[in-house]
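Please keep the sequence and the structure in view while reading.

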Amino acid sequence: MDTHDLLGLVFEVFTWIGFGCAVVVLLAMLIARAADGSWIETHGVIVDGPVDPERPEGPAGREVRWMTEAAELYSRPVSDAEFDALRDPEEPNVFYARREPSRARFTRSADHAKALRLLFWVSFGIGVVCSVASIVLLFVADAA
């Protein structure tokens, strides 16, 4: 077994691993998306939270309030990290769950969906690069 055969075998194995992992991650993405449900975008307002009667001197915190399509008003606390990550804290875009309008977030997709999407593209990219390298190696091996 010479170097070209060994490289061809390695590229072939990584092609199958990359595409196989991409298919598994794609199925996981579809399941996660179905479990997450649909989210509706609306405008929210960030206000100072209610004063804690046990700590009247302490900070009240912040909360975001939003109104659903059914004209129901909801609110939830906003952490300092979430507030710092907002692009427009005056009028943030809020995404609330269609099935449970009391759940809201500031991004369209959840963090686990972003991680799965990144993992899919990395594994798919490995499969593509290795398959292209395998094809190039075929032509190089024939020319030599």
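Helices (H or I, at least four residues) and strands (E, at least two) are taken here as DSSP runs, numbered from the N terminus.

## Basis of the report

The model is a predicted one, in which local features need pLDDT of at least 70 and side-chain atom pairs count only at pLDDT 80 or more, while totals for chains, interfaces and linings use all residues. Residues are numbered from 1 along each chain as its sequence is written, and side-chain values use heavy atoms, with hydrogens and water left out.

## A loop residue with positive phi

A71 is placed in the loop between strand 2 and strand 3 (73–78). Although A71 is not a glycine, its phi is positive, at about 60°. The residue has a relative accessibility of 54% and therefore counts as exposed. The terms for accessibility are used as follows: buried means under 20% relative accessible area, exposed means over 50%, and partly exposed lies in between (1.4 Å probe, protein chains only).

## Nonpolar cores

A nonpolar core is a set of buried Ala, Val, Leu, Ile, Met, Phe, Trp, Tyr and Cys residues joined through side-chain atoms within 4.5 Å. Ten residues make up the largest such core: I40, I46, V64, W66, V78, L86, V94, Y96, A104 and F106. Strand 1 (39–48), strand 2 (62–67) and strand 4 (93–97) are the elements that give two or more residues to this core. Another core lies apart from it and has five residues, including A22, A32, L116 and F120.

Which residues does A104 touch, when those up to four places away in sequence are not counted? With contact defined as heavy atoms within 4.5 Å, A104 touches W39, W66, R76, V94, F95 and Y96.

## Salt bridges

A salt bridge is defined as a side-chain nitrogen of Lys or Arg within 4 Å of a carboxyl oxygen of Asp or Glu. The structure holds six of these. Three residues, D36, R103 and R105, are linked in a network of salt bridges.

R76 is buried, with a relative accessible area of 17%, while E82 is partly exposed, at 27%.

## Nonpolar surface patch

Patches are made of residues with over 30% relative accessible area and no salt bridge; like charges are joined within 9 Å, and nonpolar side chains (Val, Leu, Ile, Met, Phe, Trp, Tyr) within 5 Å. Accessible areas come from the Shrake-Rupley method with a 1.4 Å probe, and for residues only the protein chains shown count as cover. A nonpolar patch on the surface is formed by M1, L6, L9, V10, V13, F14, I17, L118, V122 and I126, which together have about 950 Å² of accessible area.

Helix 1 (3–36) and helix 3 (111–143) each supply at least two residues of the patch. The largest share, six residues, comes from helix 1. L9 lies in helix 1 and is partly exposed, at 45% relative accessibility. V122 is placed in helix 3 and, at 44% relative accessibility, likewise counts as partly exposed. The C-alpha atoms of L9 and W66 are separated by 57 Å, the two residues being 57 residues apart along the chain.

## Cysteines

Why does the count of disulfides come to zero? A disulfide is a pair of cysteine sulfur atoms within 2.5 Å. The closest cysteine sulfur to that of C21 is in C130, 12 Å away, and this is too far for a bond; the count of disulfides is therefore zero. C21 is partly exposed, at 38% relative accessibility, whereas C130 is buried, with a relative accessible area of 10%.
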